[in-house]
Amino acid sequence: MLPRFAALLAGLSLSGLAQAAATHYPLTVENCGAPQTFAHAPERAVTIGQAGTEMLYALGLGDKLVGTSLWFNNVLPEFKAQNDKVERLADNDPSFEAVVGKRPQLVAVQFEWMVGAQGVVGTREQFSELKIPTYLLPSDCEGKDNLVGADGTRLQPFKIDSIYKSVSQLAEIFDVQDRGAALNTELQGSLEKARQQLASKDLSNTSALFWFSSADLDIDPYVAGRQGVADFMLQTLGVRNVVTSNEEWPTVGWETLAKANPTWLIIARMDRRRFPADDYQKKLEFLRSDPVTQNMDAVKQGRIIVLDADAMQAGIRLFRGLETLSNAFATGKAPQP
C-alpha cells in the first residue's frame with residue numbers, strides 16, 4: 001500500500017468508512033465498449049500489465065491476485081511483500097492458456113494490444129466465451145485507436161481522469177470503494193503539488209523529449225508522441241514536447257530530434273530486457289558517444305532525467321514521475337539515476 005495512502009486510509013473515521021456505498025451484485029461495468037458483469041467480488045484475478053497490478057496492490061487487493069505479467073520495472077518496494085506471493089506468468093505477454101489456467105474471475109489489462117481485437121494474448125470474446133470478465137484500463141481505449149500505429153494513435157489527448165476512473169471502477173468491482181476514494185484523493189493531491197511547484201516558474205521556452213526504448217541502438221528510437229500519457233505529463237508542468245506525431249510511441253530519427261534540440265531528455269529505465277536500449281546505461285552511452293546526439297544541448301549540459309518506464313504509463317507511478325520531473329524543472333538539475 002502506498003505510504004501516504006495508508007496514512008490517509010488510517011485517518012478516515014469509522015463513520016466515514018461506513019458511509020461508503022457497498023457494491024450491489026450482480027454488477028455491470030461499462031468498459032471500453034464491452035459491458036462486463038460480476039456476480040460477486042472476484043476472488044481470483046490475473047493482471048496483464050504492471051499498471052493494473054500495482055493499482056490493485058495500492059487498493060490492498062494483493063490477496064486476490066493469482067497471476068501477473070507484462071512488467072517493465074521491478075515492483076515498487078512497498079508492494080514487494082504482496083507481489084512475492086503472486087505467481088508471475090510472464091515477464092512480457094503471457095499465453096492465453098496460462099491466463100485461463102489460473103481460473104480467474106477477472107483479467108485486468110493495461111493495453112488493448114494485449115487483449116483486444118488483435119490481442120496478442122487473446123480477444124475479449126475468447127475470454128467472454130469462458131465467462132471470464134476482462135477489464136481494460138480506460139486510459140488505453142478512450143479517445144484512442146489501437147489499430148493504427150505500433151502502440152496506437154491518440155484521437156484525443158490522454159485524460160488523467162481515466163486513471164481515477166480505473167481506481168474507482170476496480171474499487172467498485174471488489175467492493176472496496178473507501179480505499180478507491182482515498183487513493184484517488186492522494187493521487188490528485190500529488191499531481192497538484194507537482195504543478196504548484198512550478199506555478200511561478202516561466203517554462204515557456206522549455207522543451208523535452210521522452211525516449212522509451214529502441215529495437216536497436218542503430219535505428220530510430222521509440223519516443224513519446226503528442227496527446228499521450230508522457231505528453232500529458234509535460235503539458236501539466238508547462239513544458240513542450242518536441243515530437244509532433246499523435247502516435248503513442250512513434251519512431252523518429254535522431255537527426256530530426258537533434259535538430260529540435262530539446263531542453264531536457266527523459267529516458268526510460270527498465271528492468272525488462274526485450275530490446276538493447278531497455279538498459280538506460282546503454283541509452284546514456286549512446287547519447288554521449290553518437291556524433292549526432294552528443295552535440296545536443298541537453299547531453300552536453302547533463303539535462304538527462306532517468307525515469308522508470310512505468311512512470312511514463314497510465315498508472316499510479318505516473319504521479320511519482322510528475323514529482324521527479326517537477327523537481328528537475330524547478331531546480332534545473334537532473335536527479336541521480
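**Aromatic pairs, helix packing and backbone features**

W254 and F286 are both buried, where buried means under 20% relative accessible area, exposed means over 50%, and partly exposed lies in between, computed with a 1.4 Å probe on protein chains only. The model is predicted: local features need pLDDT of at least 70 and side-chain atom pairs count only at pLDDT 80 or more, whereas totals for chains, interfaces and linings use all residues. Residues are numbered from 1 along each chain as its sequence is written, and side-chain values use heavy atoms, with hydrogens and water left out.

Rings of Phe, Tyr and Trp (for Trp, the six-membered ring) were taken to pair if their centres lie within 6.5 Å; planes under 30 degrees apart count as stacked, over 60 as edge-to-face and the rest as tilted. The count by this rule is 13 aromatic pairs. In one of these, F72 and F212, the ring centres are 5.7 Å apart and the planes stand at 80°, so the pair is edge-to-face. F72 lies in the loop between β4 (65–69) and α4 (80–83) and F212 in strand β10 (residues 207–213), so that the pair links distant parts of the chain, 140 residues apart. Helices (H or I, at least four residues) and strands (E, at least two) are DSSP runs, numbered from the N terminus. F72 and F212 are both buried. For W254 and F286, the ring centres are 5.7 Å apart and the planes are at 40°, so this pair is tilted. W254 belongs to helix α10 (residues 254–260) and F286 to helix α11 (residues 280–289), so the pair ties together parts 32 residues apart in sequence. Ring pairs also link F72, F111, W113, F212 and W249 into a cluster.

Charged groups over rings were assigned where NZ of Lys or CZ of Arg is within 6 Å of the ring centre and within 35 degrees of the ring normal. The charged end of K283 sits over the ring of W211, 5.7 Å from its centre. R269 lies over the face of Y280, at 5.9 Å from the ring centre. Y280 is in helix α11 and counts as buried, at 16% relative accessibility. Not counting residues up to four places away in sequence, Y280 touches I267, A268, R269, V306 and P337, contact meaning heavy atoms within 4.5 Å. The C-alpha atoms of Y280 and M270, 10 residues apart along the chain, are separated by 7.1 Å.

Helix α8 (residues 177–197) and helix α9 (residues 229–237) pack at an angle of about 55°, their axes being 8 Å apart. This makes α8 oblique to α9. Axes are lines fitted to C-alpha atoms, for helices over the stretch in contact, and angles run from 0 to 180 degrees between N-to-C directions. Angles under 35 degrees count as roughly parallel, over 145 as roughly antiparallel, 65 to 115 as roughly perpendicular and the rest as oblique. In this contact L191, A194 and R195 of α8 meet F232, T236 and L237 of α9. The residues of the contact of α8 with α9 divide into four nonpolar, one polar and one charged; Ala, Val, Leu, Ile, Met, Phe, Trp, Tyr, Cys and Pro count as nonpolar, Asp, Glu, Lys and Arg as charged, and the others, Gly among them, as polar.

Helix α3 (residues 50–58) is mostly covered, with nine of its nine residues buried. G60, which follows α3, has a positive phi near 70°.

Most residues other than glycine have a negative phi, and most peptide bonds are trans. L70, a residue other than glycine, has a positive phi near 60°. L70 is placed in the loop between β4 and α4 and is buried, with a relative accessible area of 1%. R103 is not a glycine either, yet its phi is positive at about 50°. R103 lies in the loop between α5 (96–100) and β6 (106–109) and is exposed, with a relative accessible area of 57%. A cis peptide bond, with omega of about 5°, joins Y25 and P26. P26 is in the loop between α2 (14–18) and β1 (27–29).

The C-alpha atoms of A41 and V292, 251 residues apart along the chain, are separated by 55 Å.
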